[in-house]
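Here is a short briefing to read alongside the structure. Please keep the viewer open as you go through the points.

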Amino acid sequence: QGIERDLAQKVVKAVKAVKAAKLKKVQVAIQGDELRVTGKKRDDLQAAIAMIKDMKLEQPLQYVNFRD
């Protein structure tokens with residue numbers, strides 16, 4: 001179904017706030033009804049997923065990791 005734009009913007013702001021401290025090598029983009037987090041290292045992406053899970057959002061989210 002996708003993520004609502006307001007919720008996506010909230011997640012983007014949270015990741016960018018943490019990005020200055022820990023997640024320096026990830027980029028976050030809203031693409032239609034998806035939120036895409038890109039980065040070179042799998043560890044960085046998994047840290048971003050863990051941080052988003054810790055936000056305790058009301059809407060259930062799916063996480064897909066394409067980095068192999």
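Is Lys56 buried or exposed? Lys56 is exposed, because its relative accessible area is 70%, and exposed here means over 50%. Keep in mind as you read that this is a predicted model. The protein chain holds 2 helices and 2 strands, and from the N terminus on these elements follow the order α-β-β-α.

- The average pLDDT of the protein chain is 81, and 88% of the residues score at least 70.
- Among the elements, α1 has the lowest confidence, with a mean of 83, while β1 has the highest, at 86.

**The chain as a whole**

- The protein chain has 68 residues, and 25% of them count as buried.
- Its accessible surface comes to about 5,300 Å², and carbon and sulfur atoms account for 47% of that surface.
- Take the contacts between residues at least 6 apart in sequence: 43% of these join residues at least 24 apart.

**The hairpin**

- Strand β1 covers residues 26-31 and strand β2 covers residues 34-39. The two strands pair in the antiparallel sense, over 6 bridges.
- You can follow the pairing residue by residue: Gln27 has Thr38 of β2 as its bridge partner, and Ile30 has Leu35 of β2.
- There are 2 residues between the strands of this hairpin, and Gly32 takes a positive phi near 65° there.

**The nonpolar core**

- The largest nonpolar core is made up of 14 residues. Those with the most contacts inside it are Val11, Val15, Leu23, Val26, Ile52 and Leu57.
- Two or more residues of this core come from each of α1 (5-19), β1 and α2 (42-53). Helix α1 gives the most, with 5 residues.
- Leu57 touches Leu7, Lys10, Val11 and Ile52, with residues up to four places away in sequence not counted.

- Look for Leu23 in the loop between α1 and β1. Leu23 counts as buried because its relative accessible area is 4%, and the cut-off for buried is under 20%.
- Which residues is Leu23 in contact with, leaving aside its neighbours within four places in sequence? They are Val15, Val18, Asp44, Ala47 and Ala48.
- Of these contacts, Ala48 is 25 residues from Leu23 along the chain, yet their C-alpha atoms are separated by 7.1 Å.

- Lys56 belongs to the segment after α2. Lys56 is not a glycine, yet it has a positive phi of about 55°.
- Glu4 sits in the segment before α1. Glu4 counts as exposed because its relative accessibility is 53%, above the 50% cut-off.
- Glu4 and Asp33 are 29 residues apart in sequence, and the C-alpha to C-alpha distance between them is 6.8 Å.
- Lys13 is part of helix α1. With a relative accessible area of 63%, Lys13 is exposed.
- Between Lys13 and Val28, which are 15 residues apart along the chain, the C-alpha separation is 9.2 Å.

Methods: Residues are numbered from 1 along each chain as its sequence is written. This is a predicted model: local features need pLDDT of at least 70, side-chain atom pairs count only at pLDDT 80 or more; totals for chains, interfaces and linings use all residues. Side-chain values use heavy atoms; hydrogens and water are left out. Two strands pair if DSSP finds at least two bridges between them. Helices (H or I, at least four residues) and strands (E, at least two) are DSSP runs, numbered from the N terminus. Buried means under 20% relative accessible area, exposed over 50%, partly exposed in between (1.4 Å probe, protein chains only). Contact means heavy atoms within 4.5 Å. Accessible areas come from the Shrake-Rupley method with a 1.4 Å probe; for residues, only the protein chains shown count as cover. A nonpolar core is a set of buried Ala, Val, Leu, Ile, Met, Phe, Trp, Tyr and Cys residues joined through side-chain atoms within 4.5 Å. pLDDT is the predictor's confidence in each residue, from 0 to 100.
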